[in-house]
Amino acid sequence: MFPFYAVIKTIIGLKRICPECNKAQVVKPSQKRVSVPCRFCEAMIPASESEGDKNQEYPDGTE
Ligand SMILES: [Zn+2]
């Protein structure tokens, strides 16, 4: 098996880009689904769903 690959995938899922200063940072696994403050400018960075979790759909059907 390739646990290393799983680690990489997890890290990518934990990566956030601050909407204020556009700096990337990695959050803790425990913070994966919560908003976290940016380390650089302290703006709140909302949780990202871009790591392959496709169970959720936009309830309002935004296109
Ligand atoms: Zn920031």
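**Entry 1: a question to start**

Which residues does Lys32 touch, not counting residues up to four places away in sequence? I looked, and Lys32 touches Gly13, Leu14, Val27 and Ala47. Here a contact means that two C-beta atoms, placed from the backbone, lie within 7 Å.

**Entry 2: ground rules**

I keep in mind that this is a predicted model, where local features need pLDDT of at least 70, side-chain atom pairs count only at pLDDT 80 or more, and totals for chains, interfaces and linings use all residues. My residue numbers start from 1 along each chain as its sequence is written.

**Entry 3: confidence**

I checked pLDDT next, the predictor's confidence in each residue, from 0 to 100. The protein chain averages 81, and 73% of the residues score at least 70. Among the elements, helix H1 (residues 3-13) has the lowest mean pLDDT, 82, while S4 has the highest, 95. A reminder to myself: where pLDDT is low, the predicted coordinates should not be read in detail.

**Entry 4: the overall layout**

I found 1 helix and 4 strands in the protein chain. Read from the N terminus on, the order is α-β-β-β-β. Helices (H or I, at least four residues) and strands (E, at least two) are DSSP runs, numbered from the N terminus.

I then asked how many of the 63 residues count as buried, and the share is 3%. Buried means that 20 or more other C-beta atoms lie within 10 Å of the residue's own, exposed means 12 or fewer, and partly exposed is in between, with C-beta atoms placed from the backbone. Of the contacts with a separation of 6 or more, 18% join residues 24 or more positions apart.

**Entry 5: back to Lys32**

I placed Lys32 in the loop between S2 and S3. Lys32 is partly exposed because 16 other C-beta atoms lie within 10 Å. Leu14, one of the residues that Lys32 touches, is 18 residues away in sequence, yet the two are 6.0 Å apart in space, C-alpha to C-alpha.

**Entry 6: two positive phi angles**

Where does Asn22 lie? I found Asn22 in the loop between strand S1 (15-17) and strand S2 (24-26). Its phi is positive, about 60°, although Asn22 is not a glycine. Asn22 has 10 C-beta neighbours inside 10 Å, so this residue counts as exposed.

I noted Glu42 in the loop between strand S3 (36-37) and strand S4 (44-45). Glu42, also a residue other than glycine, has a positive phi near 70°. Is Glu42 buried or exposed? Glu42 counts as exposed, because it has 10 C-beta neighbours inside 10 Å.
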